[in-house]
Amino acid sequence: MRHPNQATLALHAGGDLGRVRSWWMARHLARCAECREEVAGYTEMRELLPELADLPEISWNRMAAEIKANVRLGLEAGECVRPAEMPLQRASLTGWRAAVAFASVIVLVCGCLVLERPAPPPTHTAETAVESTRDGIAWQAGDDHMLGLMNGGAQKATYKLGAQGSMGARYIDPETGSVTINTVYVQ
Amino acid sequence: MSDAIESGLELQERQNRFISLHFRRIFVQIYHLVQNVADAQDLTQEAFIKALQHQEQLKDEQKAAHWLSRIATNTAIDFLRRSGRATFCELDEAPESQSESPEAILLRSEHREYLEDGLRLLSARERAALIMRDVEGLPAEEVAERLNCSKATVRSHIANGRTKFRRYMERRKR
(Lines give C-alpha, C1' and ligand atoms only; values in the text may rest on other atoms or scores of the structure.)
Protein backbone atom coordinates (compact mmCIF):
# COMPACT_ATOMS: atom_id res chain seq x y z
CA MET A 1 0.00 0.00 0.00
CA ARG A 2 1.27 3.48 -0.88
CA HIS A 3 1.22 5.79 2.17
CA PRO A 4 0.99 9.58 2.05
CA ASN A 5 3.98 11.50 3.34
CA GLN A 6 4.09 13.27 6.72
CA ALA A 7 3.41 16.71 5.20
CA THR A 8 0.20 15.45 3.60
CA LEU A 9 -0.90 13.81 6.86
CA ALA A 10 -0.13 17.02 8.79
CA LEU A 11 -2.14 19.11 6.32
CA HIS A 12 -5.03 16.68 6.36
CA ALA A 13 -5.24 16.92 10.16
CA GLY A 14 -5.91 20.64 9.86
CA GLY A 15 -8.22 20.39 6.84
CA ASP A 16 -5.68 22.13 4.64
CA LEU A 17 -5.77 19.81 1.66
CA GLY A 18 -7.72 20.43 -1.52
CA ARG A 19 -10.97 18.55 -2.18
CA VAL A 20 -9.50 15.84 -4.36
CA ARG A 21 -6.59 15.10 -2.04
CA SER A 22 -8.89 15.14 0.99
CA TRP A 23 -11.14 12.61 -0.68
CA TRP A 24 -8.15 10.42 -1.53
CA MET A 25 -6.86 10.73 2.05
CA ALA A 26 -10.23 9.82 3.54
CA ARG A 27 -10.32 6.70 1.41
CA HIS A 28 -6.79 5.80 2.40
CA LEU A 29 -7.39 6.39 6.12
CA ALA A 30 -10.48 4.18 6.05
CA ARG A 31 -8.24 1.19 5.42
CA CYS A 32 -4.90 2.22 6.94
CA ALA A 33 -4.70 2.16 10.77
CA GLU A 34 -1.07 3.34 10.71
CA CYS A 35 -1.89 6.61 8.90
CA ARG A 36 -5.02 7.08 11.03
CA GLU A 37 -2.79 7.02 14.07
CA GLU A 38 -0.45 9.58 12.52
CA VAL A 39 -3.32 11.93 11.72
CA ALA A 40 -4.64 11.50 15.27
CA GLY A 41 -1.21 12.54 16.57
CA TYR A 42 -1.31 15.72 14.51
CA THR A 43 -4.87 16.44 15.61
CA GLU A 44 -3.84 16.06 19.24
CA MET A 45 -0.96 18.44 18.70
CA ARG A 46 -3.25 21.02 17.07
CA GLU A 47 -5.58 20.87 20.04
CA LEU A 48 -2.77 21.91 22.38
CA LEU A 49 -1.59 24.91 20.38
CA PRO A 50 -4.51 27.30 21.09
CA GLU A 51 -3.18 27.52 24.67
CA LEU A 52 -0.53 29.81 23.25
CA ALA A 53 -3.26 32.35 22.50
CA ASP A 54 -3.77 33.07 26.22
CA LEU A 55 -2.77 36.59 27.10
CA PRO A 56 -1.37 37.75 30.42
CA GLU A 57 -3.28 40.46 32.25
CA ILE A 58 -2.54 43.71 30.51
CA SER A 59 -3.42 47.29 31.38
CA TRP A 60 -4.63 48.29 27.93
CA ASN A 61 -5.10 51.97 28.73
CA ARG A 62 -1.58 52.34 30.04
CA MET A 63 -0.20 50.43 27.11
CA ALA A 64 -2.14 52.60 24.64
CA ALA A 65 -0.73 55.77 26.21
CA GLU A 66 2.82 54.39 26.14
CA ILE A 67 2.52 53.22 22.56
CA LYS A 68 1.13 56.59 21.41
CA ALA A 69 3.90 58.51 23.15
CA ASN A 70 6.64 56.25 21.85
CA VAL A 71 5.25 56.22 18.32
CA ARG A 72 5.25 60.03 18.38
CA LEU A 73 8.87 60.05 19.52
CA GLY A 74 9.78 57.49 16.90
CA LEU A 75 8.14 59.49 14.12
CA GLU A 76 9.91 62.67 15.21
CA ALA A 77 13.24 60.88 15.43
CA GLY A 78 12.58 59.42 11.99
CA GLU A 79 12.00 62.91 10.59
CA CYS A 80 15.39 64.01 11.95
CA VAL A 81 17.38 61.16 10.45
CA ARG A 82 15.50 60.72 7.19
CA PRO A 83 17.90 62.74 4.94
CA ALA A 84 20.86 60.77 6.26
CA GLU A 85 19.16 57.52 5.35
CA MET A 86 19.01 58.27 1.63
CA PRO A 87 20.68 55.29 -0.03
CA LEU A 88 23.89 55.96 -1.87
CA GLN A 89 23.72 54.56 -5.35
CA ARG A 90 26.97 53.15 -6.55
CA ALA A 91 27.19 53.26 -10.31
CA SER A 92 29.90 51.41 -12.12
CA LEU A 93 31.77 53.40 -14.78
CA THR A 94 31.63 50.84 -17.53
CA GLY A 95 30.20 50.68 -21.05
CA TRP A 96 27.84 53.49 -22.01
CA ARG A 97 28.18 55.17 -18.62
CA ALA A 98 31.91 55.62 -19.20
CA ALA A 99 31.23 57.06 -22.69
CA VAL A 100 28.70 59.56 -21.33
CA ALA A 101 31.07 60.58 -18.52
CA PHE A 102 33.95 61.02 -20.98
CA ALA A 103 31.79 63.13 -23.33
CA SER A 104 30.66 65.28 -20.40
CA VAL A 105 34.26 65.93 -19.38
CA ILE A 106 35.15 66.96 -22.96
CA VAL A 107 32.18 69.36 -23.11
CA LEU A 108 33.15 70.81 -19.72
CA VAL A 109 36.78 71.39 -20.79
CA CYS A 110 35.70 73.05 -24.08
CA GLY A 111 33.27 75.23 -22.16
CA CYS A 112 36.00 76.34 -19.77
CA LEU A 113 38.35 77.20 -22.68
CA VAL A 114 35.69 79.32 -24.37
CA LEU A 115 34.86 81.16 -21.14
CA GLU A 116 38.53 81.74 -20.31
CA ARG A 117 39.13 83.70 -23.55
CA PRO A 118 39.65 87.42 -22.80
CA ALA A 119 36.47 89.36 -23.25
CA PRO A 120 36.58 92.41 -25.54
CA PRO A 121 37.03 95.72 -23.63
CA PRO A 122 33.72 97.25 -22.61
CA THR A 123 32.52 99.91 -24.98
CA HIS A 124 30.99 103.01 -23.58
CA THR A 125 27.44 103.38 -24.62
CA ALA A 126 24.93 105.95 -23.77
CA GLU A 127 22.65 103.38 -22.19
CA THR A 128 21.09 103.80 -18.78
CA ALA A 129 22.90 101.79 -16.10
CA VAL A 130 22.60 101.16 -12.40
CA GLU A 131 25.81 100.45 -10.53
CA SER A 132 26.93 99.91 -6.98
CA THR A 133 29.45 102.46 -5.73
CA ARG A 134 31.56 102.68 -2.59
CA ASP A 135 29.05 104.94 -0.87
CA GLY A 136 25.80 103.69 -2.23
CA ILE A 137 24.04 103.02 -5.47
CA ALA A 138 23.99 105.23 -8.55
CA TRP A 139 21.82 105.45 -11.65
CA GLN A 140 23.52 106.84 -14.75
CA ALA A 141 22.26 107.61 -18.20
CA GLY A 142 25.30 107.74 -20.49
CA ASP A 143 27.88 109.95 -18.80
CA ASP A 144 25.30 111.82 -16.74
CA HIS A 145 24.80 110.96 -13.11
CA MET A 146 21.03 110.92 -12.81
CA LEU A 147 20.36 109.69 -9.29
CA GLY A 148 22.26 108.28 -6.32
CA LEU A 149 21.36 106.74 -2.97
CA MET A 150 24.11 107.20 -0.39
CA ASN A 151 24.35 104.98 2.64
CA GLY A 152 26.44 107.32 4.77
CA GLY A 153 29.29 104.88 5.38
CA ALA A 154 27.12 102.04 6.62
CA GLN A 155 28.97 98.71 6.39
CA LYS A 156 26.04 96.50 5.47
CA ALA A 157 23.62 98.18 3.14
CA THR A 158 21.02 96.23 1.19
CA TYR A 159 19.94 97.53 -2.20
CA LYS A 160 17.04 96.53 -4.33
CA LEU A 161 15.88 97.44 -7.81
CA GLY A 162 12.28 97.19 -8.84
CA ALA A 163 11.19 96.12 -12.30
CA GLN A 164 8.92 99.19 -12.49
CA GLY A 165 11.87 101.59 -12.17
CA SER A 166 12.15 101.88 -8.40
CA MET A 167 15.40 101.78 -6.45
CA GLY A 168 15.76 101.17 -2.73
CA ALA A 169 18.47 101.06 -0.08
CA ARG A 170 18.26 99.81 3.49
CA TYR A 171 21.06 100.22 6.02
CA ILE A 172 21.81 100.72 9.68
CA ASP A 173 23.33 104.06 10.53
CA PRO A 174 26.71 103.38 12.19
CA GLU A 175 26.39 106.35 14.54
CA THR A 176 22.75 106.28 15.65
CA GLY A 177 22.00 102.59 15.07
CA SER A 178 18.68 103.46 13.45
CA VAL A 179 17.46 101.62 10.36
CA THR A 180 17.03 103.80 7.27
CA ILE A 181 15.04 102.68 4.25
CA ASN A 182 15.11 104.85 1.10
CA THR A 183 13.00 104.02 -1.91
CA VAL A 184 12.95 106.19 -5.03
CA TYR A 185 10.39 105.71 -7.78
CA VAL A 186 11.45 106.96 -11.21
CA GLN A 187 8.81 108.32 -13.56
CA MET B 1 -3.31 79.41 16.04
CA SER B 2 -1.53 79.20 12.73
CA ASP B 3 -2.65 76.85 9.96
CA ALA B 4 0.60 74.90 10.17
CA ILE B 5 0.21 74.23 13.91
CA GLU B 6 -3.44 73.34 13.42
CA SER B 7 -2.70 70.88 10.62
CA GLY B 8 0.09 69.37 12.75
CA LEU B 9 -2.34 68.83 15.60
CA GLU B 10 -4.91 67.38 13.23
CA LEU B 11 -2.32 64.96 11.87
CA GLN B 12 -1.32 63.94 15.39
CA GLU B 13 -4.96 63.44 16.32
CA ARG B 14 -5.53 61.30 13.22
CA GLN B 15 -2.46 59.20 14.01
CA ASN B 16 -3.63 58.70 17.61
CA ARG B 17 -7.03 57.57 16.35
CA PHE B 18 -5.33 55.14 13.98
CA ILE B 19 -3.29 53.70 16.87
CA SER B 20 -6.30 53.49 19.21
CA LEU B 21 -8.30 51.70 16.54
CA HIS B 22 -5.75 49.00 15.79
CA PHE B 23 -3.22 48.68 18.60
CA ARG B 24 -4.95 45.92 20.58
CA ARG B 25 -5.36 43.65 17.59
CA ILE B 26 -1.81 44.29 16.42
CA PHE B 27 -0.37 43.73 19.89
CA VAL B 28 -2.21 40.39 20.24
CA GLN B 29 -1.11 39.33 16.78
CA ILE B 30 2.54 40.09 17.56
CA TYR B 31 2.28 38.61 21.05
CA HIS B 32 1.14 35.30 19.60
CA LEU B 33 4.27 35.23 17.47
CA VAL B 34 6.85 36.34 20.04
CA GLN B 35 5.08 35.16 23.25
CA ASN B 36 6.54 37.99 25.33
CA VAL B 37 4.74 41.15 26.48
CA ALA B 38 7.71 43.54 26.48
CA ASP B 39 8.91 42.45 23.03
CA ALA B 40 5.36 42.51 21.69
CA GLN B 41 4.88 46.08 22.92
CA ASP B 42 8.18 47.23 21.39
CA LEU B 43 7.34 45.54 18.10
CA THR B 44 3.82 47.00 18.09
CA GLN B 45 5.35 50.46 18.38
CA GLU B 46 7.82 49.66 15.63
CA ALA B 47 5.02 48.44 13.36
CA PHE B 48 2.99 51.62 13.91
CA ILE B 49 6.01 53.83 13.26
CA LYS B 50 6.70 52.00 9.99
CA ALA B 51 3.06 52.23 8.98
CA LEU B 52 2.68 55.92 9.79
CA GLN B 53 5.95 56.79 8.05
CA HIS B 54 4.60 55.25 4.85
CA GLN B 55 0.92 55.96 5.18
CA GLU B 56 0.90 57.61 1.76
CA GLN B 57 1.26 54.07 0.35
CA LEU B 58 -2.17 53.21 1.66
CA LYS B 59 -4.61 54.32 -0.99
CA ASP B 60 -7.60 52.42 0.28
CA GLU B 61 -8.64 53.13 3.89
CA GLN B 62 -10.62 49.88 3.93
CA LYS B 63 -7.43 47.89 3.51
CA ALA B 64 -5.68 49.58 6.43
CA ALA B 65 -6.23 46.61 8.75
CA HIS B 66 -4.71 44.10 6.32
CA TRP B 67 -1.87 46.43 5.49
CA LEU B 68 -1.05 47.01 9.14
CA SER B 69 -1.31 43.28 9.91
CA ARG B 70 1.19 42.56 7.19
CA ILE B 71 3.61 45.16 8.53
CA ALA B 72 3.17 43.74 12.04
CA THR B 73 3.81 40.18 10.85
CA ASN B 74 6.94 41.20 8.95
CA THR B 75 8.19 43.18 11.94
CA ALA B 76 7.71 40.19 14.25
CA ILE B 77 9.30 37.76 11.77
CA ASP B 78 12.32 40.07 11.38
CA PHE B 79 12.61 40.20 15.15
CA LEU B 80 12.48 36.40 15.45
CA ARG B 81 15.12 36.06 12.78
CA ARG B 82 17.34 38.70 14.39
CA SER B 83 17.08 37.30 17.86
CA GLY B 84 17.51 33.70 16.70
CA ARG B 85 15.16 32.57 19.38
CA ALA B 86 12.38 34.31 21.17
CA THR B 87 12.63 35.49 24.75
CA PHE B 88 9.57 34.10 26.40
CA CYS B 89 7.84 35.58 29.38
CA GLU B 90 8.88 35.02 32.95
CA LEU B 91 6.77 32.88 35.24
CA ASP B 92 5.34 35.90 37.08
CA GLU B 93 4.21 37.44 33.78
CA ALA B 94 2.31 34.34 32.73
CA PRO B 95 -1.47 34.52 32.44
CA GLU B 96 -2.96 34.25 35.84
CA SER B 97 -6.37 34.21 37.39
CA GLN B 98 -7.32 34.79 41.01
CA SER B 99 -9.25 31.52 41.26
CA GLU B 100 -6.29 29.30 40.35
CA SER B 101 -4.26 27.51 42.97
CA PRO B 102 -0.45 27.97 42.97
CA GLU B 103 -0.08 24.36 41.81
CA ALA B 104 -2.41 24.94 38.89
CA ILE B 105 -0.53 28.10 37.95
CA LEU B 106 2.77 26.25 38.07
CA LEU B 107 1.44 23.36 36.00
CA ARG B 108 0.00 25.69 33.41
CA SER B 109 3.20 27.65 33.29
CA GLU B 110 5.25 24.48 32.76
CA HIS B 111 2.92 23.39 30.02
CA ARG B 112 3.22 26.72 28.31
CA GLU B 113 6.98 26.53 28.55
CA TYR B 114 6.81 23.08 26.96
CA LEU B 115 4.84 24.47 24.03
CA GLU B 116 7.15 27.47 23.68
CA ASP B 117 10.20 25.18 23.59
CA GLY B 118 8.59 23.42 20.64
CA LEU B 119 8.00 26.69 18.82
CA ARG B 120 11.68 27.59 19.13
CA LEU B 121 12.55 24.70 16.81
CA LEU B 122 10.63 26.25 13.94
CA SER B 123 11.92 28.83 11.49
CA ALA B 124 10.40 32.33 11.81
CA ARG B 125 8.04 31.81 8.86
CA GLU B 126 7.04 28.27 9.84
CA ARG B 127 6.28 29.52 13.31
CA ALA B 128 4.28 32.49 11.99
CA ALA B 129 2.29 30.28 9.61
CA LEU B 130 1.59 27.66 12.30
CA ILE B 131 0.46 30.24 14.86
CA MET B 132 -1.76 32.11 12.45
CA ARG B 133 -3.38 28.88 11.25
CA ASP B 134 -3.55 26.75 14.40
CA VAL B 135 -3.57 29.33 17.20
CA GLU B 136 -5.44 32.24 15.63
CA GLY B 137 -7.45 29.97 13.33
CA LEU B 138 -6.98 32.09 10.20
CA PRO B 139 -7.71 30.49 6.83
CA ALA B 140 -4.65 29.62 4.73
CA GLU B 141 -5.54 32.38 2.23
CA GLU B 142 -5.29 35.05 4.88
CA VAL B 143 -2.08 33.59 6.26
CA ALA B 144 -0.66 33.77 2.73
CA GLU B 145 -1.74 37.39 2.44
CA ARG B 146 -0.15 38.34 5.76
CA LEU B 147 3.07 36.54 4.94
CA ASN B 148 3.02 37.95 1.42
CA CYS B 149 3.54 34.58 -0.22
CA SER B 150 1.54 32.00 -2.16
CA LYS B 151 -0.96 29.62 -0.60
CA ALA B 152 1.24 26.69 -1.64
CA THR B 153 4.18 28.18 0.25
CA VAL B 154 2.00 28.71 3.30
CA ARG B 155 0.86 25.08 3.16
CA SER B 156 4.46 24.01 3.01
CA HIS B 157 5.31 26.17 6.07
CA ILE B 158 2.29 24.82 7.96
CA ALA B 159 3.14 21.21 7.11
CA ASN B 160 6.78 21.66 8.14
CA GLY B 161 5.74 23.42 11.33
CA ARG B 162 3.30 20.69 12.34
CA THR B 163 5.73 17.90 11.47
CA LYS B 164 8.58 19.46 13.48
CA PHE B 165 6.34 20.27 16.41
CA ARG B 166 4.94 16.75 16.54
CA ARG B 167 8.40 15.21 16.40
CA TYR B 168 9.36 17.46 19.30
CA MET B 169 6.32 16.31 21.29
CA GLU B 170 7.17 12.67 20.66
CA ARG B 171 10.76 13.18 21.75
CA ARG B 172 9.59 14.84 24.97
CA LYS B 173 7.17 11.98 25.68
CA ARG B 174 9.98 9.44 25.69
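At what angle do helix α2 (residues 37-53) of chain B and helix α3 (residues 64-83) of chain B pack? In this predicted model, the angle comes out at about 130°, with the two axes 9 Å apart. Since angles over 145 degrees would count as roughly antiparallel and 65 to 115 as roughly perpendicular, that makes α2(B) oblique to α3(B). The crossing of this pair is right-handed. On the α2(B) side, the residues that do the touching are D39(B), L43(B), E46(B), A47(B), K50(B) and A51(B); their partners in α3(B) are L68(B), I71(B), A72(B), T75(B), A76(B) and F79(B). Sorted by class, that contact holds eight nonpolar residues, one polar and three charged.

Helix α3(B) also packs against helix α5 (residues 124-135) of chain B, at an angle of about 135° and with axes 9 Å apart. These two helices are therefore oblique to each other, and they too cross in a right-handed way. Here α3(B) brings T73(B), I77(B), L80(B) and R81(B), while α5(B) brings A124(B), R125(B), R127(B) and A128(B). The class count for this contact is four nonpolar, one polar and three charged residues.

Then there is the meeting of the two chains. Chain A puts 31 residues into the contact and chain B puts in 39. On the chain A side, the elements giving two or more residues are α1 (6-13), α3 (33-48) and α4 (60-81).

Technical notes:
Residues numbered from 1 in each chain as written. Chains lettered and ligands numbered in written order. Predicted model: local features only at pLDDT ≥ 70, side-chain atom pairs only at ≥ 80, totals over all residues. Axes fitted to C-alpha atoms, helices over the stretch in contact; angles between N-to-C directions. Helix = DSSP H or I, 4+ residues; strand = E, 2+ residues; numbered from the N terminus. Parallel < 35°, antiparallel > 145°, perpendicular 65-115°, else oblique. Left-handed = near helix turned anticlockwise from the far one by under 90°. Contact = placed C-beta atoms within 7 Å. Nonpolar A, V, L, I, M, F, W, Y, C, P; charged D, E, K, R; others polar.
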